Structure formats: structure tokens, C-alpha cells
Amino acid sequence: MNLAEYKAKELFYEMNIPIVKGITINTLEEIEGMNIEYPVVVKAQVQTGGRGKMGGVKFAENINELKNIAGEMLGSSINGFNINKVMIVHKVDIDKEYYLSVFPDRNTKSYVMLFSKEGGVDIESTAKSNPEKIFKIYIDPIIGIQTSDIRFLADKALLCGDLAKSFVHIATQLFRLCVNYHCTLVEINPLVITSDKKLIALDAKISVDDSAVCKFPEFVEYEKSLPKPLLVKEAALYNFLYIPCDPEGRAVVMSNGSGMLMSCIDGLTLVGVKVSAALDMGGGAVRERIKEAVRILLNTKNSEILFINIFGGITRCDEVAEGICDAVNLYGIEKPIVVRLEGTNKEKGYEILGQLNKIVCVSNMEDGIKAVKSEVCK
Ligand code: GDP
Ligand code: MN
């Protein structure tokens with residue numbers, strides 16, 4: 001689970017990592033009567049990075065500019081995420097921007113602390129253009145973080161005196177935060193030196209291991225508060241997992257089992273077909289629910305074609321076929337559907353599907369992917 005900046009900054013504050021405290025609003029009316037010290041930064045609170053480049057971070061010099069910017073942001077979207085909360089923070093004068101992050105590394109069974117002298121930009125692009133600006137230390141989870149290791153990074157940043165002390169403190173706390181809250185990533189980009197020579201985390205990104213969310217009541221609460229896309233909610237009513245993917249995609253995919261679903265998405269992506277949504281039916285779905293799954297998936301914006309890939313075990317292929325036919329007949333579906341069936345009652349399933357001419361039956365996944373590709377390219 002990715003935390004929006006305001007939530008991540010609450011944890012930074014709790015861990016004593018210096019931030020600029022801001023306010024969050026959901027409506028413009030909330031600004032009325034507030035005592036705001038300008039200039040401010042207006043920041044869209046969405047669970048995605050790179051907001052700066054996409055118009056999600058803007059500066060305002062006065063109340064009018066603030067209202068215009070916040071008004072434009074609220075209700076719009078970035079990267080497919082709706083903006084219904086913005087953060088207003090006092091604008092800081094920046095002297096220097098760094099990058100600092102901590103994440104667990106499976107290969108070395110340790111944590112990695114990554115530091116870059118170039119902050120405020122994608123770490124990936126720095127890794128390509130100026131790899132010499134990036135420094136890495138490995139932290140043994142049993143031994144814990146060593147001040148000497150962080151001093152190595154502080155030296156690379158040419159920090160001394162109070163700034164070096166502050167850097168050691170921030171890096172130590174960032175590591176503790178990562179461990180305490182079972183994070184898969186904690187990132188400060190940019191970590192800045194202000195014009196009055198203070199180190200401050202201007203942005204905060206935290207990804208929590210999904211399996212650990214239940215350990216922390218605050219995360220459970222946060223997850224509940226997140227606006228879920230309508231189709232995700234609707235699919236959940238039928239116990240289906242609906243996963244929004246690429247907003248520009250035109251194909252939607254349905255399968256039973258997350259591994260098979262992911263292979264379908266990978267397979268289509270490899271041949272250049274973008275997937276806009278995927279639905280995991282789980283095991284044993286019956287006709288009535290399959291009918292709804294087909295409808296929900298094809299309600300995805302821009303969806304033009306549905307690929308259904310079934311490995312019948314507990315799920316019976318004839319039951320799936322009946323559900324598809326019901327959906328096509330009842331909801332008047334015109335979009336093409338490519339179906340691959342394998343396993344329990346597959347012959348019976350194909351026979352049922354044969355009654356409908358809009359359905360392309362294929363005998364394996366590769367052929368299914370090819371069929372989807374040729375339909376999309378038509
Ligand atoms: P992101 O694009 O989603 O990572 O959002 P950030 O919070 O990192 O903001 C993007 C960029 O806006 C930062 O890299 C800074 O360069 C700039 N920015 C954000 N807050 C401030 C601020 O208080 N003062 C100044 N001068 N620039 C800021
Ligand atoms: Mn950032």
C-alpha cells in the first residue's frame with residue numbers, strides 16, 4: 001500500500017524527521033478564514049509520484065492564486081488517481097536538493113540506503129545519466145544501522161557540522177521507520193538544505209508491505225478512507241478482485257488465479273497490447289457471478305476487447321461458458337470476447353460458446369494473445 005504524502009509525513013513527524021507542517025483540504029470552502037503565510041506550495045494528495053511534472057505541485061503567492069490552483073486540482077486526476085485532497089504548505093527556499101531512501105533488498109537479505117547528490121529528479125534517470133552521484137550502503141537488519149555508515153554518505157554530500165549531525169539523525173530515523181512499519185520503501189525526494197541551512201524532508205513517500213497493513217490500526221483506517229474506483233467496489237460485491245491497470249489500455253483480462261492473470265497481462269504487454277483492467281475470479285465462480293464479471297470488466301473506460309483465460313479445476317468451463325453467454329445475451333454486449341478454456345468440462349464449454357458468433361474461441365494462451373492483438377490492431 002502506498003501512502004499519500006500527507007499520511008507519510010505524519011509518520012515522518014512521529015519519527016522526528018523534520019518536515020514543513022501543512023494543512024490538507026478537501027474543498028475550497030475550508031480555506032476561508034484560514035491564516036495562511038504566503039508563498040505556499042499546493043500539492044495534490046494522490047498515491048503516485050512525479051506529481052511535479054504532471055501539474056500536481058504548484059506555487060501560489062496569494063489567496064487568489066491559491067484558490068485558482070486548488071480549485072483546478074480538486075476533482076481532476078493524475079495518472080488515473082482522482083485528486084480529492086490537496087496539501088497546502090509554506091514554500092521553502094531551497095539551497096540544495098538530495099535524494100535519500102531505504103528499502104529491503106531480497107538478494108542481500110539486508111536493507112539498502114540509497115543516497116543521491118541530485119534530488120528532486122527521478123532516481124532512475126540519475127542512475128542512467130550520473131551514476132557516480134548515487135551512493136549505496138547495505139544495512140544488516142540484525143546489526144542495525146551504524147553511524148559510521150551514514151557518516152560516509154554525509155561526507156559524500158559534503159555536509160559538516162550541524163548539517164552532518166542532522167543528516168545522521170534523519171537517515172537513522174528513516175531506517176527505523178522502514179523497519180518498524182514493515183515498509184517496502186521509504187523515500188525522501190527531495191531532502192533539501194534550506195537557505196537558512198536546515199535539512200528538511202520536502203516530500204515523503206512510503207510503501208507499506210500489503211501483508212503488514214493489518215498490524216497497524218492507523219494503516220487499516222487509512223486504507224478504508226481511500227476512495228476506491230467504482231468498478232473495484234462493484235467487483236468486490238461479487239467477491240471479485242478488479243485491478244485497474246493502464247488507463248490508456250484497450251484490452252481487459254479475466255482469469256481464475258492471480259498468477260495466470262499476471263501472465264495474461266505480461267503476454268499482452270509483450271506484444272504491445274496495453275491492458276486497462278484485470279479481474280481475478282478466484283476459484284469456483286458460477287454462471288450468475290461470471291455474467292456480472294464480464295459486465296463489470298467491459299464497463300471499464302476505453303475497453304474494446306475482453307480476453308478470458310480459464311484453467312478449469314473447481315471452476316467448471318461449462319459454467320464459465322454459460323455465464324459468458326448470459327452476459328452477452330442479457331446485456332447486449334457487442335465487443336469481441338476471446339476465450340481460452342482448459343480443464344474440467346472444456347469440450348462442453350466450447351460447445352456452448354459456439355452458439356455465439358461474437359466469441360473467438362482459442363485453444364491456448366498464445367493464440368488468445370495473438371487473437372486479441374489482431375482485434376486491437378484492426
Ligand atoms: P513529486 O513530483 O510528486 O515528487 O512532488 P515533490 O513534493 O517532490 O515536489 C516536486 C518538486 O517541487 C520538488 O522536487 C521541488 O523542486 C519543488 N518543490 C516542492 N516543494 C517546494 C518548496 O517548498 N519550495 C520550493 N522552492 N520548491 C518546492
Ligand atoms: Mn518528490
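# Reading a ligand site and some chain details

Q: I'm looking at ligand 1; which atom of Val92 meets a nitrogen atom of it, and how far apart are they?
A: A polar contact here means two N or O atoms within 3.5 Å; inside the protein, one must be able to donate a hydrogen and the other to accept it, and sequence neighbours count only if both atoms are side-chain atoms. For Val92, a backbone N or O atom sits 2.8 Å from a nitrogen atom of ligand 1. Bear in mind that this is a predicted model, where local features need pLDDT of at least 70, side-chain atom pairs count only at pLDDT 80 or more, and totals for chains, interfaces and linings use all residues. As for bookkeeping, residues are numbered from 1 along each chain as written, chains are lettered from A and ligands numbered from 1 in the order written, and side-chain values use heavy atoms, leaving out hydrogens and water.

Q: Which atoms of Gly52 and Lys43 approach an oxygen atom of ligand 1?
A: Gly52 uses a backbone N or O atom, 2.7 Å from an oxygen atom of ligand 1. Lys43 brings a polar side-chain atom, 2.6 Å from an oxygen atom of the ligand.

Q: How much of the accessible area of ligand 1 does the protein cover?
A: Accessible area comes from the Shrake-Rupley method with a 1.4 Å probe. On its own, ligand 1 has 560 Å² of it, and the protein covers 82% of that.

Q: Which elements give two or more residues to the shell around ligand 1?
A: Strands here are DSSP runs of E, at least two residues, and helices are runs of H or I, at least four. Strands S3 (40-44), S4 (57-60), S8 (94-105) and S11 (183-194) are the ones that do. There are 17 residues around the ligand (a heavy atom within 4 Å), and Lys43, Arg51, Gly52, Val92 and Glu97 come nearest.

Q: How many aromatic pairs are there?
A: Phe, Tyr and Trp rings (six-membered for Trp) pair if their centres lie within 6.5 Å; planes under 30 degrees apart are stacked, over 60 edge-to-face, the rest tilted. The count is eight. One of them joins Tyr111 and Phe175 edge-to-face, at 5.4 Å centre to centre with 90° between the planes. That pair links distant parts of the chain, with Tyr111 in strand S9 (residues 110-116) and Phe175 in helix H5 (residues 161-180), 64 residues apart.

Q: Where is Pro39, and is its bond from Tyr38 cis or trans?
A: Look in the loop between strand S2 (23-25) and S3 for Pro39. The Tyr38 to Pro39 peptide bond is cis, with omega near 0°. Asn189 to Pro190 is also a cis bond, with omega near 10°, and Pro190 lies in strand S11.

Q: Is phi of Lys109 positive or negative?
A: Lys109, in the loop between S8 and S9, has a positive phi, near 50°, and is not a glycine.
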